[in-house]
Amino acid sequence: MRRLLSHRHAPALLFAAALTLPFVARAIEFSFLTRVGGVVGLMMLLSLGLNMTLGYVGLFDLGFIAFYAVGAYGTAILMRAHVPAPLAAALAVAAALAMRALLGVTILRLRGDYLAVVTMGFGEIARLTLNNLDAWTNGPKGLQVRPWRPLAFLGAIPGLEFVRKESNVQFYFLIAAAVYLAAEASRRLENSRVGRAWVAIREDETAAQLSGIPVARYKLLAFTLSAAFAGLAGSLFALWDQFVTPESFVFWESTLLVAIVVLGGMGSISGVLLGALLLGGIPLLMEATLSPRLIDYRYLFFGLILVLMTLFRPQGLLPSARREAELSS
Amino acid sequence: MRARTLAAAGAWILAAALSACGPRDHSVIIAVAAPLTGDTGAEGQGIKRAVIMAVEEANASHRFPYHIEAKPFDDRADPKEAVNVANLIISDPRIVAVVGHYTSGCSIPAAKVYARAPIAMISPGATTPEVTLQQTSPDWIGPRVVFRDVATDDVQGAAAARFVYSRLGLRRMALVHDKTPYGQGIAEQFQKTFQELGGTVTSFDGISIGDRDFKALLTKIKDDSSRPQGIYFGGLYTEAGLILVQMRELGMKKNLAFVSDDGAQSPVLYEIAGDAADGAYLTTIGVPVEQLPSARDFLARYKKRWTGASEDIKPFDHFGYEAANIVLDALAKSGPDREKLLAVLPTIRHKGILGETVFDDKGDTLNKIVTMTRAHAKDRSFPTVK
Amino acid sequence: MLAQQIVNGLSLGAIYALIALGYTLVYGILAMINFAHSEVLMMGSFAALGAAALAPSMFGTGVLALAGLFAASMLAAGALNATIERLAYRPLRRHSRLTPLISAIGVSIILQNAVFLWVSDQSLAFPQPLSGDAFTLPGGAQISALQALTLAAALALMVLLHLFVEKTRMGRAMRACADDLEAAGLMGVDADVVIAVTFFVGGALGGAAGVLYSMSYGSTKYNLGFLPGAKAFTAAVLGGIGNVRGAVLGGFLLGFLEVLSAGYIPNGAQWRDVIAFSVLILVLLARPSGLLGERVAEKV
């Protein structure tokens with residue numbers, strides 16, 4: 001398994017395989033699968049972002065969803081001001097980066113669980129502020145986003161006519177591409193000088209400091225960059241569902257992301273992707289397959305799965321090779 | 001070992017996915033999309049029970065030559081989940097219409113998915129005007145598919161304000177709402193109407209759902225130098241009950257009236273507030289139950305059908321039951337076909353437990369009769385204020 | 001009005017403080033956020049409700065009924081917390097510090113949904129052995145017998161806990177484990193037993209808080225624990241997590257902070273959590289280990 005995944009062409013092949021999902025869904029007349037794929041893709045994007053702070057540098061963040069919210073609301077507000085969608089998305093990502101950098105400068109000298117609580121507090125502050133600033137965000141009633149069909153032009157290609165009207169398929173392709181690029185960016189960073197510095201900080205901050213790594217600056221870099229993925233995910237979410245409300249950015253979403261990164265394997269790209277696929281996809285598959293009588297048990301089962309997975313794979317589903325080597329030595 | 005586990009998991013997922021689109025029987029399905037788990041699970045479960053009951057009654061009456069089924073879908077009151085569920089619903093060709101969603105936040109984005117199918121949805125709980133209004137926007141893609149049998153925020157808030165001003169003769173009211181689209185919307189309308197009538201709104205505060213301690217806010221209202229004569233609360237029975245209990249604890253119940261909306265009108269109010277609920281004024285939509293035998297029958301049947309410990313009737317069950325019956329009426333006219341059913345719905349005149357429901361061209365109900373009731377803790381009832 | 005708000009703040013703070021103790025005890029030893037603590041609190045409240053339903057004659061009014069409610073809740077919650085530790089955390093002790101956090105999240109989802117599915121999905125009235133009527137204090141503040149009890153019971157439990165930790169043999173073992181789990185083991189302390197006892201005590205305090213919380217607000221529900229749990233955890237951090245006196249201080253401080261912002265700031269009720277969290281952030285920036293926490297090297 002590990003050897004297969006670490007093959008040089010594995011990412012590109014997996015990406016190509018993922019692109020066939022809408023066609024499979026169409027062939028078996030079950031278009032819901034495309035939606036599931038897109039939702040899971042957004043989870044992957046978010047988890048790759050959190051992986052950068054939590055997985056690479058070990059900064060425990062319990063309020064990551066706030067930057068998903070910034071991306072979503074930023075896009076929604078700009079779209080209402082008639083900014084073209086791609087520009088709105090870019091600006092929203094920039095806003096998420098800027099806010100994250102500002103937060104990082106302020107709080108990154110806190111350690112461990114103090115950081116976790118402060119980020120949790122920030123996440124709640126963000127959600128409540130969106131809910132309370134009615135003049136800007138329309139408060140609990142939420143904001144509508146005008147429709148955007150990014151890949152309608154694909155409909156001109158013979159055999160792809162159905163794509164023109166299917167926003168699910170268009171956003172699925174877009175999200176899949178974003179996930180591929182994010183994973184590729186993560187991989188390159190991981191193997192760069194920066195990535196090695198991050199791991200050094202995670203393993204022993206004092207030692208890293210002593211060996212001349214500018215710890216504060218590298219921490220801030222990881223902390224800030226991770227918001228790019230969250231902001232992008234939020235932006236795609238707002239454009240896809242065309243509606244944002246504070247209810248979508250609750251504390252539970254942040255904890256779920258932490259669970260994905262820890263269960264997938266902290267610092268392991270393939271692990272985090274697999275974690276997002278399972279924890280993001282299982283509730284949806286249960287929704288589709290459980291009988292009406294069992295549908296209420298969905299989250300009970302989900303809790304059980306969470307506990308069993310931690311007990312059977314405490315080191316993560318696909319732990320990063322580097323971490324596993326450390327643990328076994 | 002690892003590879004085998006993964007393969008097994010993969011096989012299960014594949015099997016699950018295939019079974020979801022495998023062979024299908026031929027019954028006709030009405031989807032119920034509501035929060036079945038999570039913080040608002042109780043309300044969604046209530047709506048589900050009401051729809052199941054309506055469908056069971058239809059099957060028992062042999063009005064239809066085929067079997068009808070109510071199939072529940074869980075949106076957890078999360079807009080993203082609502083869109084997921086909507087996509088699942090439109091994937092199943094046996095589903096002819098949707099009763100749902102419960103919250104406005106879920107109804108707004110889910111409606112866009114239903115318009116793609118297209119398939120009709122009747123919301124039993126989404127009160128924000130935007131839910132149906134969005135269909136008139138130039139950005140709307142597809143036909144109009146959204147209907148609702150609940151009145152919008154403005155109806156109840158305005159009626160309550162008129163009642164407080166003219167019948168109770170109060171001039172200064174403190175407003176509290178739960179910071180949800182429903183509670184805040186109703187409170188805003190109350191404020192507007194009450195001020196137009198010449199009343200004064202002494203304060204306007206939001207609380208957060210999940211909090212249980214509102215004593216600080218209530219103390220502020222109690223000692224407010226502009227001396228409010230009552231509290232109007234926009235929100236649901238849980239917070240309404242907590243406020244009533246704490247008003248009594250702070251010695252405010254004697255001097256201040258408590259007025260709220262139909263979201264507060266549930267027997268569960270008495271679980272939470274006990275005797276402290278006594279005397280609370282609550283608006284409801286529709287003519288007084290006493291004048292409408294069908295509504296009284298409904299309550300009796302509901303109690304007979306659902307006898308579980310937590311199966312008390314919830315505030316929006318009437319609307320769920322009525323929405324299901326409207327779908328059934330339309331189904332009888334159109335036959336089991338999504339698009340035909342959607343075309344028939346605007347022509348339906350349904351006489352049921354809410355009185356007569358007819359939809360206007362946006363899809364909103366024209367039934368805007370509001371009745372004032374008063375909580376009577378001794379027998380846990382809500383008699384009409386004459 | 002200030003006198004009344006002080007009473008409001010004290011009774012709210014007492015409950016936060018009691019819950020915060022449960023977090024801080026566990027954290028002190030395992031450096032782990034026990035995410036399931038809020039559900040332990042909720043289960044305690046349901047255990048008390050169940051006991052009252054089984055033996056209604058015993059749970060009328062008065063001191064006996066109160067004692068019964070507390071006993072049922074504290075025993076059940078303590079036992080539950082210790083069981084969760086045994087099943088879901090202990091097997092993970094040698095792995096990353098965050099792994100037990102994830103199983104705690106899982107446990108918390110299971111417990112909440114189990115009560116939702118098999119007990120009740122709606123609020124249930126909670127027994128009220130004391131009358132809800134208020135009497136007036138000098139200064140014009142109203143205080144109910146219940147609020148007085150909440151305060152007294154919370155303070156009594158805090159004193160008992162203090163004595164337990166400082167004066168008993170087990171308490172000493174707990175402190176030793178909190179200082180250095182491995183070294184304590186080498187000195188002949190049975191860490192498994194100490195940890196189990198810690199979870200039991202922490203859970204029992206949560207159970208007591210569950211009874212006080214649901215009695216104070218008249219009812220209980222499957223998601224009763226989440227919000228006070230999150231807030232009490234914040235309070236524990238505010239005071240310096242792992243520190244018993246810090247948890248108490250943080251609890252009362254958070255109670256006052258919430259009451260004052262809802263009571264005195266215009267539109268404060270909807271901003272009170274924002275204000276509370278902002279103060280938390282500011283305090284931690286000034287004192288990165290909380291108000292009473294000591295600066296210690298990071299354990300990862």
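## Basis of the description

Two residues are in contact if their C-beta atoms, placed from the backbone, lie within 7 Å. The structure is a predicted model, in which local features need pLDDT of at least 70 and side-chain atom pairs count only at pLDDT 80 or more, while totals for chains, interfaces and linings use all residues. Residues are numbered from 1 along each chain as its sequence is written, and chains are lettered from A and ligands numbered from 1 in the order in which they are written.

## Chain B

In chain B, 74% of the contacts between residues at least 6 apart in sequence join residues at least 24 apart. The chain has 13 helices and 13 strands; helices (H or I, at least four residues) and strands (E, at least two) are DSSP runs, numbered from the N terminus. Buried residues make up 60% of its 386 residues, where a residue is buried if 20 or more other C-beta atoms, placed from the backbone, lie within 10 Å of its own, exposed if 12 or fewer, and partly exposed in between. Along the principal axes, the C-alpha atoms of chain B fill a box of roughly 70 × 60 × 45 Å.

Strand 6 (residues 172–177) of chain B has five of its six residues buried. Six bridges join strand 6 to strand 7 of chain B, and the two run parallel; strands pair if DSSP finds at least two bridges between them. B:A174 has B:S203 in strand 7 as its bridge partner.

## Domains of chain B

The domain assignment gives domain 1 (26–150 + 316–353) and domain 2 (153–289 + 370–374) of chain B, with bounds from an automatic or database domain assignment. Their centres, taken over C-alpha atoms, are separated by 30 Å. Six residues from domain 1 and five residues from domain 2 take part in the contact.

## Chain C

Chain C has 11 helices and four strands. Its radius of gyration is 19 Å, close to the 19 Å that the globule rule gives for 300 residues, so chain C is as compact as a globular protein of that length. Of the 300 residues of chain C, 61% count as buried.

## Contacts between chains

Between chains A and B, 34 residues of chain A are in contact with 39 residues of chain B. Helix 14 of chain A supplies five residues, the largest share of the side of chain A that touches chain B. That side divides into 15 nonpolar, 10 polar and nine charged residues. Here Ala, Val, Leu, Ile, Met, Phe, Trp, Tyr, Cys and Pro count as nonpolar, Asp, Glu, Lys and Arg as charged, and the others, Gly among them, as polar.

Chain B also meets chain C, with 35 residues of chain B in contact with 31 residues of chain C. The side of chain B that touches chain C has 11 nonpolar, 11 polar and 13 charged residues.

## The largest nonpolar core

A nonpolar core is a set of buried Ala, Val, Leu, Ile, Met, Phe, Trp, Tyr and Cys residues joined through C-beta atoms within 7 Å. Of the 351 residues in the largest core, B:I30, B:V51, B:Y114, C:A17 and C:L18 touch the most other members. Domains 1 and 2 of chain B both give residues to this core, so the core lies between them.

Note on methods
The radius of gyration is taken over C-alpha atoms; the globule rule is 2.2 Å times the number of residues to the power 0.38.
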